[in-house]
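Have a look at the model first, then read on.

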Amino acid sequence: MAGRHWNDQNVIEGANANGSYRLYPNGNLWCWTDIELTQIDSTTLQATWTYPLEFAENPRLVMMQSATRDVTAQPFNVVNPQPEANGISTTQAVLQLQAAAGLDTFDVGDSWTVHVLAIGEAAP
């Protein structure tokens, strides 16, 4: 398969337009990328990430903000990035960064890049 290769530890590693991945012999799949969240309203930055490979079940997600941002808000006025409620599936996740409660923080054109990692069992 294009873009995939086995390494010395019998792990398949690869990348495509949706990010990088590592598939272990036991079926564990790790996918990761940096993705830009953009303003959808005054309290939310959001993006949908399609994983580079499909999972058998909804994966676990780990996200953190990067230093790359173009926002008028002060960094301490936002909540840590998180998936949207019910926004995780076997093929994609809706990722969000919320303003702190009670604040209208984001303006049109605001964006913030997050690092995201999805871990789970690979689809057969």
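How many residues does the hairpin that joins S7 to S8 go through? The hairpin goes through three residues.

## What you're looking at

This is a predicted model, where local features need pLDDT of at least 70, side-chain atom pairs count only at pLDDT 80 or more, and totals for chains, interfaces and linings use all residues. Residues are numbered from 1 along each chain as its sequence is written, and side-chain values use heavy atoms, with hydrogens and water left out.

Strands here are DSSP runs of E, at least two residues, numbered from the N terminus. Strand S8 covers residues 92-98, and six of its seven residues are buried, so the rest of the structure largely encloses it. Buried means under 20% relative accessible area, using a 1.4 Å probe and protein chains only.

S8 has strand S7 (residues 82-88) as an antiparallel partner, joined by three bridges; Ile88 has Ala93 as its bridge partner. Two strands pair if DSSP finds at least two bridges between them.

## Ser66

Now for the serine. Ser66 sits in strand S6, residues 60-70, and is buried, at 9% relative accessible area. Its side chain reaches the backbone oxygen of Thr113 at 2.8 Å.

Beyond neighbours within four places in sequence, Ser66 is in contact (heavy atoms within 4.5 Å) with Trp112, Thr113, Val114 and His115.

How values were computed. Helices (H or I, at least four residues) and strands (E, at least two) are DSSP runs, numbered from the N terminus. Buried means under 20% relative accessible area, exposed over 50%, partly exposed in between (1.4 Å probe, protein chains only). A polar contact is a pair of N or O atoms within 3.5 Å; within protein, one must be able to donate a hydrogen and the other to accept it, and residues adjacent in sequence count only if both atoms are side-chain atoms.
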